[in-house]
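Subject: Structure for your review

Dear colleague,

Please find below the structure that I am handing over to you.

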Amino acid sequence: MSNDIWVWIGAFLTLGTYSILFKDNPVYRVLEALFVAILAGHSVVINWYNFQKPTLTGRLGEGKEWTLIIPLFLAALMYFRYSRKYAWLARYPMAFLMGIGAAYVLTKNLKPMFLAQARATMLPLWVPGNIGATINNWIVVIGVASVLTYFFFTIRKQGPVNAFSRVGRIYLMIAFGALFADTVLGRVSVTLVRFQFLLQDWLGLGM
Amino acid sequence: MKREGPVALLMISGFLYIISVIVASPAMEPVAATLDDWYKVVVGFINLVGVISLTQVNGRAVLRRSEGWFYNAILLVVLYGYIILGLVGGLHNVAFNLIYDNILTPILMTIFSTLTFWIGSAAYRAFRAKNADAAILLVAAVVVMIGRVTLGSAISPAIPKAAEWILNFPTVAGMRAIEMSAAIGGIVLALRMITGLERSFMGFD
Amino acid sequence: MTIFEKLDSLDRRWVFAFQALVFCIVILKPVGLALTVGDQVRTAYETIDSLPAGSIVWFGTDYQAANAAELEPAALAILKHCFQKNLRVIGASTWPEGGAMMARLLNQVTPDFPDKEYGVDFLNLGYRPGGQVWLQQLTDDLPAAVGGVDHFGDPISEYPIMDGLNKIQDVALIVGIHVGTPGTPEYIRVITDPHNVPMITVLPAVSVAVTMPYLASGQLVSIVASLRGGAEYELISGFSGTAMTGMDSQSFMNLTIVIFVILGNIGFFYNKYKKGASGGGGANV
């Protein structure tokens with residue numbers, strides 16, 4: 001069994017958090033409050049030291065970058081959302097962020113997200129001497145085309161289009177199956193690490 | 001000022017950025033760089049909104065002595081106590097880092113892991129081959145679940161190969177089409193926003 | 001009442017308890033199933049192994065403590081490998097908790113490499129706001145984007161590791177430890193795709209399927225996925241850690257869930273056959 005006080009605290013926190021699986025209880029509620037508070041507090045402190053302080057003291061104070069007053073003023077407007085009368089002022093910083101965000105989507109997304117993916121789908125449909133690669137390339141090409149057809153909502157899907165769209169649905173089911181399996185794998189991994197901590201680090205079993 | 005002002009700001013900032021990127025002349029380069037910088041500053045200085053909202057919601061519960069107000073009070077005390085500890089002591093502060101590493105981290109990891117148990121329960125009660133689509137999903141999931149762990153190769157080398165194949169070909173095809181559709185959807189939405197057609201995100205109709 | 005109906009109405013806490021019991025048994029009594037290194041991890045290892053000494057590897061620690069259990073084993077093994085190869089490491093994050101995550105990694109690894117010096121061989125820049133926009137700034141003017149301080153708020157102007165690092169394109173490799181947004185797609189959009197900077201990404205299992213298209217299109221060098229990826233990296237690099245010891249347990253827990261699925265479906269079809277009616281799936285999970 002561990003002699004480290006922090007391991008004991010970790011074990012108590014782990015078991016206390018797992019207690020929600022049995023039923024809601026005061027220990028879990030306290031831990032929940034702790035986790036929300038520490039997480040929020042941590043982000044405030046980190047943001048202050050990593051960004052806000054160097055911006056205010058370095059760039060604005062010592063560097064005299066007076067143009068920074070414009071975004072600082074915009075950011076300040078966000079805090080009017082707590083005023084009933086002036087809440088509309090908070091729309092300005094939101095609008096600015098949305099404007100830049102939209103510009104990013106329009107200028108940065110097309111090539112890596114669409115064109116590169118489309119290009120990667122342009123696979124040879126006959127690979128000489130390699131029937132396996134040929135079949136796999138067909139699977140990818142048909143898959144991408146049929147799923148795109150499935151997501152095509154501007155025409156009524158009838159006849160062959162509907163049948164092709166149905167193929168796309170099968171691809172999606174396979175992809176979602178893989179996604180579910182990966183979700184299980186991930187969650188099991190996390191739980192495994194917690195149980196290793198309890199059994200091995202805390203209780204000293206199975207080392 | 002209340003409606004047209006924000007829309008105008010959105011359009012001006014968006015178009016200005018796009019023009020500066022497309023023109024890509026030395027004269028326009030600083031425009032995009034300045035807008036990037038301003039964006040970062042705005043994001044970096046609006047982070048207290050979350051803390052104020054937390055204070056508002058929990059403070060109200062404490063003042064009204066709502067059910068479970070004690071937990072709201074704990075939250076507020078810890079929140080401000082931790083902020084003060086960090087701001088006064090700095091990021092080299094041992095207590096600040098110990099609390100993060102030894103209190104927050106185990107709680108967060110464990111909360112994240114509780115879902116495993118719900119997945120196990122759901123696997124038995126809800127994950128059923130009610131129709132052909134569900135059956136396909138189920139078979140793919142089972143093959144990947146077994147094929148991606150060491151047990152898969154211990155049973156048969158074919159299982160991990162099947163799992164890899166599912167991930168590398170049908171899954172890539174399905175996810176790629178979703179990605180491409182989302183890219184087009186995102187571009188259309190961005191176009192609507194930047195031309196002032198889409199205003200719902202600002203609380204307009 | 002059939003056995004399957006009884007199981008259907010069983011309190012879910014018994015299912016939870018059974019799962020916990022399986023976890024305990026498989027951790028305490030591992031059977032030692034063989035672990036093999038897959039192509040993805042081999043590619044990641046060889047990529048790092050082939051970098052010349054002194055090259056800079058950028059660790060994008062865009063995750064938080066909740067994901068540390070799943071991602072840290074891979075991240076630790078990669079970090080140790082980088083130090084072993086005398087690569088210089090710079091950590092930075094678009095997530096407020098990312099700096100603390102990098103600090104956790106460094107605190108666990110640096111005791112094994114006492115000759116490595118902060119600011120010379122490695123640096124933790126911490127968090128910067130702006131997400132994708134900040135990543136874009138890194139491609140234009142890295143020192144300005146970083147803003148002159150590290151994770152602890154200390155000035156970095158004296159640190160030699162920053163010398164000659166004008167843009168993120170100057171780094172030899174990006175190791176992105178990502179769980180969401182901003183994450184791998186944002187790095188691809190503004191750094192790796194337009195500027196051809198190679199990137200290995202360490203991902204939780206749940207993100208693998210959605211990231212596979214970027215790997216297939218050549219926009220990523222490799223994906224090191226979840227605890228299994230960590231275990232494989234520990235195996236290939238020789239830096240044994242916690243992930244390798246957990247692989248048996250992971251196998252049997254996955255098997256337990258597969259058995260739950262199979263049992264649930266046997267019960268479903270049995271009840272359907274018996275009642276001669278369709279439907280009847282359970283929502284009470």
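This is a predicted model: local features need pLDDT of at least 70, side-chain atom pairs count only at pLDDT 80 or more; totals for chains, interfaces and linings use all residues.

The largest nonpolar core has 203 residues. Those with the most contacts inside it are A:I38, A:A178, B:V42, B:L104, B:V144 and C:V57. Helix α7 of chain A (residues 159-202) gives the most to this core, namely 18 residues. Apart from it lies another core, of five residues, including C:L227, C:A231, C:L235 and C:M247.

Leaving aside residues up to four places away in sequence, A:I38 touches B:V78, B:Y82, B:I99, B:Y100, B:I103 and B:L104.

B:L104 also takes part in a helix contact, that of α5(B) with α4(C). The axes of helix α5 (residues 94-125) of chain B and helix α4 (residues 65-84) of chain C come within 6 Å and cross at roughly 75 degrees, so the two are roughly perpendicular to each other. On the α5(B) side the contact is made by B:L104, B:T105, B:L108, B:M109, B:I111 and B:F112, and on the α4(C) side by C:A65, C:A66, C:A68 and C:A69. Of these residues, nine are nonpolar, one is polar and none is charged.

Between chains C and A, 44 residues of chain C are in contact with 43 residues of chain A. Among the elements of chain C that each supply at least two residues to this side are α2 (12-28), β3 (122-127) and α12 (247-275). The residues on the chain C side divide into 23 nonpolar, 15 polar and six charged.

Yours sincerely

Notes. Residues are numbered from 1 along each chain as its sequence is written. Chains are lettered from A and ligands numbered from 1 in the order in which they are written. A nonpolar core is a set of buried Ala, Val, Leu, Ile, Met, Phe, Trp, Tyr and Cys residues joined through C-beta atoms within 7 Å. A residue is buried if 20 or more other C-beta atoms lie within 10 Å of its own, exposed if 12 or fewer, and partly exposed in between; C-beta atoms are placed from the backbone. Helices (H or I, at least four residues) and strands (E, at least two) are DSSP runs, numbered from the N terminus. Two residues are in contact if their C-beta atoms, placed from the backbone, lie within 7 Å. Axes are lines fitted to C-alpha atoms, for helices over the stretch in contact, and angles run from 0 to 180 degrees between N-to-C directions. Angles under 35 degrees count as roughly parallel, over 145 as roughly antiparallel, 65 to 115 as roughly perpendicular and the rest as oblique. Ala, Val, Leu, Ile, Met, Phe, Trp, Tyr, Cys and Pro count as nonpolar, Asp, Glu, Lys and Arg as charged, and the others, Gly among them, as polar.
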